[in-house]
Amino acid sequence: MVDTPTLFIRIRRWTALTTVGALMMAGCVAEDQSGGSAANPSEPSGEDATAAEDRTSEPTFLTTRTDVTTTGNRQVTGRGSVLNQAISVDLPDEPLWVLDWPSDEDKSWLVTLKNGDAVVVTENGELVDVDDVPADVASGGPPLVTVNQEGPVVGSAHDGQSIFGDPLPDSRVVVFRSPADETVTAALVGPTDRYAHDVLGDPLEASAVEVIDSTVDEPVLIEVEESAVIEGISPLLADVDDDGFIDVLVTVSDANVGAKLVAYRLDGTLIAESDPIGRGNRWRNQLAVGPIGPNGEVEVVDVRTPHIGGTVEFFRVVDDRLELVAASEPNFTSHVIGTRNLDMAVMADGDGDGVLDVIVPTQNRKSLAVLTRNDGGVDVQEKPVDGTIKTNLAVRDGAQIAFAVGTSGGTAGDALVIWPALDSAN
Ligand SMILES: [Ca+2]
Ligand SMILES: [Ca+2]
């Protein structure tokens with residue numbers, strides 16, 4: 001699958017850095033080809049892999065998020081499978097969000113419920129109430145979990161906005177941290193109602209993305225055209241063109257041609273953009289960036305028109321274009337219209353062979369599909385889940401990945417459906 005030593009090292013280091021859900025997500029692009037030192041988080045770093053991995057032991061940086069990583073890139077490595085038999089645990093109400101709950105045993109899940117409660121589901125299927133939940137989360141907003149000296153704490157996914165002057169009210173802050181502790185922090189800003197599509201939970205979308213690079217004096221404001229908006233709830237930080245430099249990916253929409261994917265450098269210059277869908281009120285949900293191509297090529301994955309029969313699309317940077325290189329049949333979704341849950345699909349191994357796939361609900365949300373790139377397109381495997389998927393697809397990453405989703409209408413009514421981590425002996 002992986003065709004170059006450089007990519008192999010990158011993947012291994014990404015695994016190590018995300019195994020504990022750490023904040024520092026730098027290893028994937030921090031390879032030093034020249035032996036020079038790191039002057040900028042967007043440049044190859046001089047730190048070796050050992051130094052980078054040692055930092056993951058710092059517990060204050062532990063965090064779990066519904067968008068899987070702090071960079072907003074919903075991609076993890078390791079082996080996992082959603083095609084195996086799952087375990088269902090009864091819940092007292094409809095689930096909204098699910099997160100890895102990093103307890104001592106590390107096999108529990110946090111579930112927030114429609115009635116405002118939050119519970120931890122333990123490995124034994126016991127439910128433990130969680131008392132301290134922010135108002136934003138109790139009213140249905142996305143949670144995140146941080147770990148302090150007393151243990152896991154529930155926060156809001158909207159925490160951290162205050163460093164931005166004019167944030168989109170529901171923007172998530174994304175962070176990339178280099179091995180040298182340099183950071184890139186970004187959020188969507190400049191709320192506007194000038195594009196009346198209104199499918200992401202309110203009438204407001206962003207007019208710009210603000211990038212705070214700790215090695216640069218001033219924040220960079222990347223504004224889109226006056227007819228357009230950034231239609232999402234966060235930017236995505238990843239090396240879109242696989243040149244060793246971190247980039248910013250957003251979805252730009254307008255009333256005439258609908259949504260397109262656009263990648264910028266940290267200084268705001270354009271790297272590449274996809275074709276737009278071609279008509280207004282047609283959205284695409286950018287999901288992840290990673291080496292998912294049939295020979296390990298870095299590709300950008302989205303779900304095109306997730307509300308009306310979504311197609312999973314795969315793009316590569318070719319000159320100044322994000323060129324469509326493969327697409328599924330239109331049978332998938334990663335978003336329910338009107339909600340803020342854009343986290344129903346991930347790029348991760350979904351069939352247990354250790355090779356990256358896209359795991360995404362089918363349009364009726366009664367199955368999960370595992371999509372694997374092949375030379376000509378996409379292979380699809382599907383597995384029914386117990387009920388209809390109501391939440392994000394939660395991931396506990398590591399060498400062996402566990403997954404969980406909340407469902408309603410299954411054999412147990414409301415339930416948490418869990419795919420435990422594969423036995424490492426398998
Ligand atoms: Ca790049
Ligand atoms: Ca796989």
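Modeller: Before we start, two residues are in contact if their C-beta atoms, placed from the backbone, lie within 7 Å. And keep in mind that this is a predicted model.

Biologist: What does the secondary structure come to?

Modeller: The protein has three helices and 29 strands.

Biologist: Let's pick a sheet. What is the order of the open one with three strands?

Modeller: The order is 1-7-8, and the pairing is antiparallel.

Biologist: Which strands stand at the edges?

Modeller: Strand 1 (63-65) and strand 8 (151-156) do; each has a single partner strand, so one side of each is left without a neighbour in the sheet. From one strand to the next, the twist averages 20 degrees.

Biologist: Over how many bridges do strand 1 and strand 7 pair?

Modeller: Three bridges, in the antiparallel sense, with strand 7 covering residues 143-148. Within strand 7, L144 stands opposite R65.

Biologist: Switching topic: what does the pLDDT average?

Modeller: It averages 86 over the protein, and 85% of the residues score at least 70.

Biologist: Where is the pLDDT below 50?

Modeller: Over residues 1-61. That stretch still has 131 contacts in the model beyond near neighbours in sequence.

Biologist: How should I read those?

Modeller: With care: where pLDDT is low, the predicted coordinates should not be read in detail.

Key. Residues are numbered from 1 along each chain as its sequence is written. Chains are lettered from A and ligands numbered from 1 in the order in which they are written. This is a predicted model: local features need pLDDT of at least 70, side-chain atom pairs count only at pLDDT 80 or more; totals for chains, interfaces and linings use all residues. Two strands pair if DSSP finds at least two bridges between them. Helices (H or I, at least four residues) and strands (E, at least two) are DSSP runs, numbered from the N terminus. Axes are lines fitted to C-alpha atoms, for helices over the stretch in contact, and angles run from 0 to 180 degrees between N-to-C directions. pLDDT is the predictor's confidence in each residue, from 0 to 100.
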